[in-house]
Amino acid sequence: GTPVVAFNVGVAQDLTITGETGYKVMRVNSSDLAEGINAIATLPAKKLSDLSINCRKFAETQFGKAAYISAIRSMINEPAHLD
């Protein structure tokens with residue numbers, strides 16, 4: 001449930017949602033990264049708490065037990081095609 005500041009590369013593109021799970025830095029440079037860190041660090045306590053709750057919910061939805069079981073069932077029901 002920890003909000004993150006991440007560059008818009010790799011997996012962070014899908015996992016970091018500005019204002020919901022953290023702050024996505026669109027350009028890879030130190031000043032934009034610092035801006036993102038400052039944006040999170042200076043949030044009011046309520047907003048930071050809301051971000052933490054959103055992070056936890058997002059992680060559970062995407063990677064929790066139910067999501068894992070659903071992914072396994074999909075793989076079982078739709079075997080890979082070896083073309």
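This is a predicted model: local features need pLDDT of at least 70, side-chain atom pairs count only at pLDDT 80 or more; totals for chains, interfaces and linings use all residues.
Residues are numbered from 1 along each chain as its sequence is written, and side-chain values use heavy atoms, with hydrogens and water left out. Thr21 lies in the loop between α1 (12-15) and β2; helices (H or I, at least four residues) and strands (E, at least two) are DSSP runs numbered from the N terminus. Contacts of Thr21 (heavy atoms within 4.5 Å), not counting residues up to four places away in sequence, include Pro3, Val4, Leu51 and Phe58. The side chain of Thr21 also reaches the backbone nitrogen of Ile17 at 2.7 Å.

Helix α2 comprises residues 30-41. Asp32, Gly36 and Ile40 are the buried residues of α2. Viewed down the axis of α2, these residues fall within an arc of 75° (directions from the helix axis to the C-beta atoms), so they line one face of the helix. They pack against β1 (4-7), β2 (22-25) and α3 (45-63). Ser30 and Ala41, on the other side of α2, are exposed (over 50% relative accessible area).

The protein chain contains four helices and two strands, in the order β-α-β-α-α-α from the N terminus. Its C-alpha atoms fill a box of roughly 50 × 30 × 10 Å along the principal axes. Buried residues make up 18% of the 83 residues.

Notes: The expected span of a helix is 1.5 Å times one less than its number of residues. Buried means under 20% relative accessible area, exposed over 50%, partly exposed in between (1.4 Å probe, protein chains only). A polar contact is a pair of N or O atoms within 3.5 Å; within protein, one must be able to donate a hydrogen and the other to accept it, and residues adjacent in sequence count only if both atoms are side-chain atoms.
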